[in-house]
Each structure stands twice: as C-alpha cells, then as structure tokens.
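Let's take a walk through a protein model together. Keep the sequence and the 3D view side by side as you read.

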Amino acid sequence: MMVWDCGECGASHECENRTDITKLPEILVLHLSRVSEVANSHQKLRVFYPAAGLQVGATNSGASRSYRLAALCCHDGGMNGGHYTAFCRVNALWFSFNDTFVCRVQPKDVLDRPSAHILFYEAEDVS
C-alpha cells in the first residue's frame, strides 16, 4: 500500500496504484520505477521481475496470454547520471549491447539484472 497526501484536505490516505490491461498486446513493455519513496533520497531501488515467463490476464474479457522476456534496457549509475545498456534475445540466444560493443551472453547473465529499467515481453503465441 502507498500513502497519498491529499492537496485538498491535507490528510494522508492509503492508496493503490493499479494498471488494467484491456487488450493483450503482442509486445508488452513494462517501465519499472526504481525511484525510492524516501524523501530526498537519490538511491535507486533494486527491482525483481519475472524473467522466465509472465502470464497476463485482460481485466475486461478474462482472456490471458503467456509472455517471455525478449529484451531489457538497464540503467547503471545514479539518479543524476549513468549509462544505458540493453540485452536482447534472438531466438534462443541472448546478446548484450553496450554502445558500439555487442557480444553474446548466457541467459543467467540477463535473468537477474538489478539495473533493469524497461522490460520487453513477447507473446508466446506470436511467430
């Protein structure tokens, strides 16, 4: 649960942040907030994400779809600066992209990245 401070009445209220998906996409992009909620903190939070697979359901139809991680964007550094890198899956192989340097990496090197920032999931029923 999160706490929201109302600008109208000045009271604090418990609240929930929720996103409803009404149509399941072929590519699901998740942008993770890694900002600490501690006042005046410049620390980024470590995030955990489902790397092996993800099951998503649509709220309006009850349909569901299985997704597999296809790529991720990472940010290393602090809140005031840093460096972006990417990891992408091509068929069953994973590659690391760092500026002009591209190399093949093992899946274990991708599946638990504390610097993950944007996740790209591909529907498993897409060819």
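How many salt bridges does the count come to? A salt bridge here is a side-chain nitrogen of Lys or Arg within 4 Å of a carboxyl oxygen of Asp or Glu, and by this rule the count comes to 4. Before we visit some of them, a word on how to read the model. This is a predicted model, in which local features need pLDDT of at least 70 and side-chain atom pairs count only at pLDDT 80 or more, while totals for chains, interfaces and linings use all residues. Residues are numbered from 1 along each chain as its sequence is written, and side-chain values use heavy atoms, with hydrogens and water left out.

Let's start with the strands. Helices (H or I, at least four residues) and strands (E, at least two) are DSSP runs, numbered from the N terminus. Two strands pair if DSSP finds at least two bridges between them. Find strand β5, residues 64-78, and strand β6, residues 81-90: they pair in the antiparallel sense over 8 bridges. One spot to look at is histidine 75, whose bridge partner in β6 is tyrosine 84. Now follow β6 onward to strand β7, residues 93-98, where the pairing is again antiparallel, with 5 bridges. Here phenylalanine 87 stands opposite serine 96 in β7. The two strands β6 and β7 form a hairpin with 2 residues between them, and asparagine 91 in the turn has a positive phi of about 55°. While you look along the strands, keep a general idea in mind: in a regular strand the side chains alternate between the two faces of the sheet.

Back to the charged side chains. Side chains of opposite charge can pair when their charged atoms come close. Arginine 65 and aspartate 125 form a salt bridge, with their closest N and O atoms 3.1 Å apart. Arginine 65 lies in strand β5 and aspartate 125 in the segment after β9 (116-123), so this pair ties together parts that are 60 residues apart in sequence. For accessibility, buried means under 20% relative accessible area, exposed over 50%, and partly exposed in between (1.4 Å probe, protein chains only). Arginine 65 is buried at 17%, whereas aspartate 125 is exposed at 56%.

A second salt bridge joins glutamate 122 and arginine 89, at 3.2 Å from N to O. This pair links distant parts of the chain, with glutamate 122 in strand β9 and arginine 89 in strand β6, 33 residues apart. Glutamate 122 counts as buried at 19%, and arginine 89 is buried at 17%. Another salt bridge pairs aspartate 109 with lysine 108, the closest N and O atoms being 3.4 Å apart. Aspartate 109 is partly exposed at 29%, but lysine 108 is exposed at 65%. Salt bridges that share partners also join Arg68, Arg89 and Glu122 into one network.

Next, turn to the nonpolar side chains. A nonpolar core is a set of buried Ala, Val, Leu, Ile, Met, Phe, Trp, Tyr and Cys residues joined through side-chain atoms within 4.5 Å. The largest one has 19 residues, and those with the most contacts inside it are Tyr67, Leu69, Leu72, Leu119 and Tyr121. Strands β4 (54-57), β5 and β9 each supply at least two residues of this core.

Our last stop is histidine 117, which is found in strand β9. Histidine 117 counts as buried at 17% relative accessibility.
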